[in-house]
Structures are given as structure tokens and as C-alpha cells.
Amino acid sequence: MAANFSACLVPVAVLALFYLVIFPNDLSQLKSALAPCDASNSVAPAAADDVDFRMFFGILTRPDFYERRALLRMAYALQPPPRRAAIDVRFVMCSLDKEEDAVLVALEIITHGDILVLNCTENMNDGKTYDYFSALPRLFPAGAEPHYDFAGKIDDDTYYRLGALADTLRRKPRRDMYHGFLNPCHIDPAWQYMSGMGYIVSWDVAEWIAASPELRDREIGYEDDVFGRWLRSAGKGKNRFGEEPRMYDYLDREMYGADVNCFRHELIADTVAVHKLKDRLKWARTLRFFNATDGLKHSKMYHVDLTPRI
């Protein structure tokens, strides 16, 4: 029973403290703030009859990456909702060990309701991916609502265009599915795996991971390579779909040695995901390319010059 709630225990405890102090006579405020733990908050239509599929999409990040989360929330909020798809975008981090993170992340949870805290020590290649995928079926077991068809993992320097992703996923099988960018792109496909920029599996694969605790310590290496080896060794993810060239790394012309290759090229209109957005300028140029600034209205309150400085 404890394992079922481990991913929510930390934020629940902090939120309870906050709300008992701020709203001592109104526990309904606390109940509404804890809604993310049962995924009642969704960025897309929630009714099952309104959507073709539902996906839990976790952005793996660190507690202290406050600016990056603020940018990502804004970037996804400005996208039009995907057609007939519910894609629940959540930030995923390990235990809040620092006092400042416990307080400030609690405020984010109260404000946005989009954070999942796992019972782990923060890491990139030492089990966090296993902890994330294995937690999902425990948090959202079969027969419970919401019912998810897919589970996805994203790096926090990747920008997905959710409408384009939804259009390609709705045609994909709901079992034994593995989707992303096949990597490395120059080797035998039998040994390829989906790049860690972002990959998605059908829910049954996440359930298999949750039922296979031996996976956590089986392999050593980069998390995306390890994940691919899990699937390959068990014969999972046989319905494999590479989204190249619609998923790719950002081409930084100002970086020495950067050039077009099989995984990196110029921004294109038919994009599903762009990776390696490591700084504000790359994010700014990417979001401008995809017309995120089109909603800026004329006003006497400001003048913003959006002309590219290249």
C-alpha cells in the first residue's frame, strides 16, 4: 500500500502543512489542491467519449529548475489543445531534500497542480526513469479513472508540439508500442533505441516495468539506452515507431562543428519535437518559429520588437 502513494507523499505532507496554517477552517481548499495526485487536472478534454486516447506525459526535471518549468508551462499553455486527445503534461522530480525546494515546489503545486514527486534521490541515469514508469500503474491502476493509453517521458530541454504528436499517436496500437526518435541513427536498427529527448510506450509496457523490479538494477548506462535494452531483452515494444525527421536536435549554427546530419537539422513546420534547447535564445527562436508569439496584441503599454537578430 505504501508503494502506491510514495510518489505523492512529499507534496501531500507539505501541502497539508501550508493549508492547515493558511486555511485552518476550510479543508476543502486542501482537497482541491491535492487534485494532481488523482490527475483530475488535465490540459485536454477529460471525458472519455471526447478523446481517442489519453497519455501521461512526464517531463523529467530537477526541483531547482524553476525557470525552466516556468518557461515550459508558458510554452505548452500557448499551444492549441490537441484534437480529440488528452495529454496530461506533468513535471517529474525526486524527493525534495532541500528546505527551499520543499517550500517553493509546494507553492508550484498549489498554483499549477502539475508536479509528481517520486520517492527517489535525484539522478539522471541511476534509476529515475524506472522509478517514474513503475510509479504510474500504481498511481493509476487498471479500472481506475483516468484511464491512460500511453505513458511518455520527456527531457526538459525538449519541446513537443502536442497537436502533431496527437495526430500521429492516434493511429498507433495501444499495446506493445514504443515511439520516439530511433538512436543512434547510423547503426543497425536491431540495436537502436529511442532517444532520451522523449519517448512513449503503451500503458501495458509501463505495467510490465512496474511488475519487474529487477529491471532497476539490471543495466548501467545512459537511461534511454538502458530502457531500450530492457525492452529488447524481454521482447517488448515490438510495435516500434521512429518519428525522424520530425523529431530532431536543434541546429545551432553558432556552435563550432555543428552541421546538418541524421539527427540534427533546421527547424521545420512539420515538427513533432525539438531537442537540445539548452538556453533561452534557442527556446526563443524555436517558439517564435512555431508562432507562439502570434497572440501578442498591439497595446500602448509596450512595444516588443520580435524581429530576428541574426
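Contact here means heavy atoms within 4.5 Å. By that cut-off, Lys172 touches Phe150, Met177, His179 and Phe241, leaving aside residues up to four places away in sequence. Keep in mind that this is a predicted model.

**Lys172, a buried charge**

- You'll find Lys172 in the loop between helix 6 (162-169) and strand 6 (177-180).
- Lys172 is buried but has no salt bridge. The nearest side chain of opposite charge belongs to Glu243, 4.8 Å away. A salt bridge calls for a side-chain nitrogen of Lys or Arg within 4 Å of a carboxyl oxygen of Asp or Glu.
- What the Lys172 side chain does have is a polar contact with the side chain of Thr168, at 2.9 Å.

**Salt bridges across the chain**

- As background, side chains of opposite charge can pair when their charged atoms come close.
- The count for this model comes to 24 salt bridges.
- One of them joins the side chains of Arg73 and Asp114, with N to O at 2.7 Å. This pair links distant parts of the chain, 41 residues apart: Arg73 is in helix 3 (residues 66-77), while Asp114 is in the loop between helix 4 (99-112) and strand 3 (115-117). Both Arg73 and Asp114 are buried.
- Asp131 and Arg216 also meet through their side chains in a salt bridge, at 2.8 Å from N to O. Asp131 lies in helix 5 (residues 128-139) and Arg216 in the loop between helix 7 (203-210) and helix 8 (223-234), so the pair ties together parts that are 85 residues apart in sequence. Asp131 counts as buried because its relative accessibility is 15%, and Arg216 is partly exposed, with a relative accessible area of 28%.
- Asp249 forms a salt bridge with Lys276, and their closest N and O atoms are 3.8 Å apart. Here too the pair links distant parts of the chain, 27 residues apart: Asp249 sits in strand 11 (residues 247-250), and Lys276 in the loop between strand 13 (273-275) and helix 9. Asp249 counts as buried at 8% relative accessibility, whereas Lys276, at 34%, counts as partly exposed.
- There's a network as well: salt bridges with shared partners join Asp52, Arg83, Arg84, Asp167 and Arg170 into one group.

- Which residues of helix 9 are buried? They are Lys282, Trp283, Arg285, Thr286 and Leu287.
- The cover over those buried residues includes helix 3, strand 5 (159-160), strand 11 and strand 13.
- After helix 9 comes Asn291, which has a positive phi, near 65 degrees.

**A nonpolar surface patch**

- Leu296, Met301, Tyr302, Val304 and Leu306 make up a nonpolar patch on the surface, and together they have about 490 Å² of accessible area.
- Leu306 belongs to the segment after helix 9 (280-289). With a relative accessible area of 37%, Leu306 is partly exposed.

How values were computed:
Residues are numbered from 1 along each chain as its sequence is written. This is a predicted model: local features need pLDDT of at least 70, side-chain atom pairs count only at pLDDT 80 or more; totals for chains, interfaces and linings use all residues. Side-chain values use heavy atoms; hydrogens and water are left out. Patches are made of residues with over 30% relative accessible area and no salt bridge: like charges are joined within 9 Å, nonpolar side chains (Val, Leu, Ile, Met, Phe, Trp, Tyr) within 5 Å. Accessible areas come from the Shrake-Rupley method with a 1.4 Å probe; for residues, only the protein chains shown count as cover. Helices (H or I, at least four residues) and strands (E, at least two) are DSSP runs, numbered from the N terminus. Buried means under 20% relative accessible area, exposed over 50%, partly exposed in between (1.4 Å probe, protein chains only). Lys and Arg count as positive and Asp and Glu as negative; His and the chain ends are not counted. A polar contact is a pair of N or O atoms within 3.5 Å; within protein, one must be able to donate a hydrogen and the other to accept it, and residues adjacent in sequence count only if both atoms are side-chain atoms.
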